[in-house]
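Subject: Model for your files

Hello,

Here is the structure I said I would pass on. My notes on salt bridges, cores and pockets follow below.

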Amino acid sequence: MTAPPISASARYIPESVTHFYFVAAIASYLSPTRAELNAGTDLTPEIHTVGDWAITSAAIPTPDLSTLFDATIPGKIQMGTTTITMYADSTSTDARTLLPRGTTGYIVKFPEGDVTGRKMDVFPVKVGSQAKPTVLGSPSDITFAFYVTKTPAENVAVP
Amino acid sequence: MGDWVRIIHPETGGTASVHQGALSHLYASGWQLQAAPDAPQPPVPAPAPVPADVHDTAVSDLSEES
């Protein structure tokens, strides 16, 4: 007998499924309430591209004299690319007004949408910059760099 | 730093410090400006002075009834 296969996934692409919220305040970010999420702003319709928002762990080598193999152990938790790029408005009334540099709050990522029972990641953040690259022939956009200020809450059940 | 204000959400009770420019977005989610407890209160207008002849007239009316 062989090991049973993992259960099959219903595969999807993020467009029209994944959502990003900005929430100004959450009492306990490890378990946000439905009312707190509803008080957020859904950034999704203006998002052009996003960073990976990956929660990773550095590998710490633990070599020893008895073997040629370099064993590793998990190190400190780190963040991948925590950016969100949104479209610029021709009258300058866009996400720049919601997220000026220095703004603190929470980015909530719903990989499978804001649906009760699914999973979300909650990132306590501070806005670091609003980059406005000029690319000829492309829609103008703004890349917001977020700095994650505390350990993110990963795979929290959507209330 | 004067461009930053405190807001409160009446349903969640949550408070946050946000830039004034963000208020139009946040009002749409139900946030409201939070009144600072140490903010200066608007001046209360002083009561209008009562003209002296009004008081005299009232006294004279009473004296006429008695």
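In this predicted model, D114(A) and R34(A) form a salt bridge with their closest N and O atoms 2.5 Å apart; the term means a side-chain nitrogen of Lys or Arg within 4 Å of a carboxyl oxygen of Asp or Glu. The pair joins distant parts of the chain, 80 residues apart: D114(A) sits in the loop between strand 7 (104-110) and strand 8 of chain A, and R34(A) in helix 1 (residues 34-38) of chain A. Helices (H or I, at least four residues) and strands (E, at least two) are DSSP runs, numbered from the N terminus. D114(A) is partly exposed at 23% relative accessible area, and R34(A) is partly exposed at 26%. Buried means under 20% relative accessible area, exposed over 50%, and partly exposed in between (1.4 Å probe, protein chains only).

The whole structure has two salt bridges over all chains. D94(A) pairs with R96(A) in a salt bridge, the closest N and O atoms being 2.7 Å apart. Here D94(A) is buried at 7%, and R96(A) also counts as buried, at 18%.

On the nonpolar cores (buried Ala, Val, Leu, Ile, Met, Phe, Trp, Tyr and Cys residues joined through side-chain atoms within 4.5 Å): the largest has 28 residues, and L43(A), W53(A), I84(A), M86(A), L99(A), I107(A) and F146(A) touch the most other members. A second, separate core has 13 residues, including Y21(A), Y29(A), Y106(A) and V122(A).

On the pockets, a pocket is an open set of points on a 1 Å grid over the protein atoms alone where a 1.4 Å probe fits, with protein on both sides within 12 Å along at least five of seven lines; lining residues have an atom within 4 Å of a point. The largest pocket holds about 220 Å³ of space, a volume being the space filled by probe spheres set on the points, which are joined across faces, edges and corners. Strand 3 of chain A gives the largest share of its lining, four residues. The second largest pocket has a volume of about 180 Å³. Of its 14 lining residues, E46(A), M86(A), D94(A), A95(A) and H25(B) are the closest to its centre.

Residues are numbered from 1 along each chain as its sequence is written, and chains are lettered from A and ligands numbered from 1 in the order in which they are written. Local features need pLDDT of at least 70, side-chain atom pairs count only at pLDDT 80 or more, and totals for chains, interfaces and linings use all residues; side-chain values use heavy atoms, with hydrogens and water left out.

Regards
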